[in-house]
Structures are given as C-alpha cells and as structure tokens.
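Please read them alongside the structure.

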Amino acid sequence: MAEGSKYPRPFLLERYFAEHEFTAPNLLCASDCESLPMSELVDMMSEDTRKLWDNLQLGYTDTHGHPKLREEIAKMYACDKITEDKVQILVPAEGIYVAMRSLLKPGDRVVATWPGYQSLTEIALAQGARVDHWEVRENEERGFYFDLEELDQLLMEPCKCVIVNFPHNPTGALPTHEEWEVILRLVAQSRAILFCDEMYRGLEYVEGDRLPSACTLYKRAIALSGMSKAYGMPGLRIGWLVSQDAELLSACAEYRDYCTICASGPAELLSIAGLENSDTFLARNKQRVLRTIGALEEMMRDADVTAHFTFRRPRAGPITLIGLRGGKSSEAYCNRLIKESGVLLMPTVMLEWRDNYMRIGFGRDSGPECVRLWHKAIKGGVVPH
C-alpha cells in the first residue's frame, strides 16, 4: 500500500527508455510491435478513407474524435450497447491520466493489478487515493497469474475503482474466460468502477483465449485501448476510452479539455486505415511475437542459460518477464549486458517491483537476432553475479 502527497514521481520506465531506447543497438524489451512506413498504410486505405485523406484540412478536429474512427472502434466491440457515442478518442497515456484525475478524489481506495505501467497507479496516488496491490503470482503449472481469492479479500473493504490490465504488462498473464467472469462479478458486487487497460488485446496466441472487453460486460467499466501496442502504430498517438456509462465518459471528456483537447487529423485517418485492416496487422504482429518466443524457448533449452534464468511462456501479448536465479540483481545485470553486448533488457525495478526479473519484448522483427546475441553473450560469460 502507498499513499501521500509527493506524487506523481518520476516515471521510471519512461526515464529508462528516454536514456536507452534510441541508442541501444539491440532493443529486446520494447512493449510494442514492429511499426510500418506511413506510405504502406496510406496504400491500404479504403476508397472512402483515401478521399478523406486527400481532402484533409489541417484544422482542429472533433473533440470526441472523428465520427468514422469512432464508428470503426465501436464495431470492434460487437456489442449493441457500444455505439460511437460511447467512444472518446485521445492519446493512450492521456486516457489513464484523465480517467484517474476525473473519477478519483482524496481518500478513495483503489485496487490495482501489480506490477504494471506506472501511471495506472501513480496518478491515483497523486489524487490522494489509497492504492492496494493485487500482485501477480507465479508457479510451474500456470506461469504468471492473478489469484481470484486475493481479489475477493481485497474487495471486502469499500473500493472506488479497480484497475486491471489484461493481457498483462509486464508478464503476459491473461485470465481464462471463467476467471474473467469471476473478476467482473467481484467488481460488480463491490460497485466499483472498473478501469481495464486493454492495450494488448488482440495479441492472444490462441484466438479463443481473447476475453470480451470489460466495457461490453459491465456498465461501470471503462476500457482503454489504442493503436500503439497490438497494432504497432505508436507514432500515431491515438487511443480511446469506451464505456456504456455516459456519465463516466463525459467526466473524462471534460477533463481532457485541459490536456490535448482534440486529436491530430492525419493520425485519426491513418488510424481508420489501420482498423479497416486490423485482422492483417494483428495476424502479422502475432507471428512476430511467436517467432521471438520460439527463439527464446530454443535458447532456454541450453543448460548454460537455465542455470541462471527462468522463463514462463506467456498467454498473450508481446512481453513477459525473465527471472534471475538466486536472487541476483536484474538492474546490475541489465547494466552489464547493455555495456558488454549492446542488448537492452529492462529490470523490473523500473516498475518499482522486485530486482530479480527483467522484461523482454517479442514484437519487433529484430527479436530473434537480439535473442541470438543475448545467448552469445551468456555463452561468453555475461551472466548475473
């Protein structure tokens, strides 16, 4: 538990990437998927979207988002309760910020999956809320998972908001459909708002594992998604909040007037093109993820590797955690690895979590080669001390 008035603090993960992301020769901890040239996306535009593109004026845009973009997003949820007026376009990170700022007040209690993207809890703390962690667990049989009995216990006490992130960053954990039903039931019984970060939804390795969006099953749920992760288009800076609850969504929209106000017109049209071809991009990125996981699994068959590291195959998403045996420091190891091999992994101290795990990313084309270089470094003696 953490609370106080010293928040928000420096965003450790983002400071780490600010230092290394564009200088590290071999990036093996990115949480997004391989991006594509803008020209390729323009060539994939439907005839109607291409007309909008060719005639685009660089003026202000609709504060709620381009109607056609909101229509495309609403269609993805395949739910008659989710129409385009239940969609608010914004920058993905902004979605977290405005939701926490507009929906929480000092003294509110929040329960959040942990570890996670820092702003999911940090902005709640900055609002004066109390944040209790629903911490990920790990075992041989299930890999990384969240214990439902622990959530039940956490929700015995009044709670204003439950924050979850599935598929989970940084572990790749994903509840089963049955577990998801229990989570939603427990949250509904508590009458809490459910804020569900679904940025990695669509990158489930088994299609049937994809969960229904929280916003389609629970009226007081707010779902966050966007183009950055599963679609591999973070440069567009386009995301969205979706909720059946017009009052919750309106509160977020009103607070957003103090932030970006409206989205970039070109980015909205490019996002429409991305969603018109969503099946293509999701399939392409899933194959990238599985290729790198395959390379990692091959590396983990080497006893020289498993003597030092543990790996649990995730259920979804482009990231998971590698464990260091013997309680060795991942921060010290990551610093040594980048200096001696040029391979960048991210220690989980950047998530304010334990110092014996590292985040690894699977979504880039360079993934298998980065794994090969890391393996070479290990064989050459670059191992935890």
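1. Does F17 count as buried or exposed? In this predicted model, F17 counts as buried because its relative accessibility is 7%, under the 20% cut-off. Y16 is buried too, at 5% relative accessibility. The rings of Y16 and F17 pair with centres 6.2 Å apart; their planes stand at 85°, so the arrangement is edge-to-face.

2. A search of the whole structure gives 10 aromatic pairs. One of them joins F11 and Y117, with 4.9 Å between ring centres and 55° between the planes, a tilted arrangement. This pair connects distant parts of the chain, 106 residues apart: F11 lies in the segment before α1 (12–20), and Y117 in the loop between β3 (109–114) and α6 (119–126). F11 is partly exposed, with a relative accessible area of 22%.

3. W134, F146, F166 and W180 belong to a cluster linked by ring pairs.

4. The sheet is open and has seven strands, ordered β2-β10-β9-β8-β7-β3-β4, with mixed pairing. At its edges are β2 (87–90) and β4 (130–135), each of which pairs on one side only. From one strand to the next, the twist averages 20°.

5. Within the sheet, β7 (residues 161–165) runs parallel to its partner β8 (residues 193–197), and five bridges join the two strands. In β8, F195 is the bridge partner of I163.

6. Helix α10 (residues 246–256) packs on the sheet, where it touches β2, β8, β9 (221–226) and β10 (239–242). The direction of α10 makes about 25° with that of β2.

Note on methods. Residues are numbered from 1 along each chain as its sequence is written. This is a predicted model: local features need pLDDT of at least 70, side-chain atom pairs count only at pLDDT 80 or more; totals for chains, interfaces and linings use all residues. Side-chain values use heavy atoms; hydrogens and water are left out. Rings of Phe, Tyr and Trp (its six-membered ring) pair if their centres lie within 6.5 Å; planes under 30 degrees apart count as stacked, over 60 as edge-to-face and the rest as tilted. Helices (H or I, at least four residues) and strands (E, at least two) are DSSP runs, numbered from the N terminus. Buried means under 20% relative accessible area, exposed over 50%, partly exposed in between (1.4 Å probe, protein chains only). Two strands pair if DSSP finds at least two bridges between them. Axes are lines fitted to C-alpha atoms, for helices over the stretch in contact, and angles run from 0 to 180 degrees between N-to-C directions. Contact means heavy atoms within 4.5 Å.
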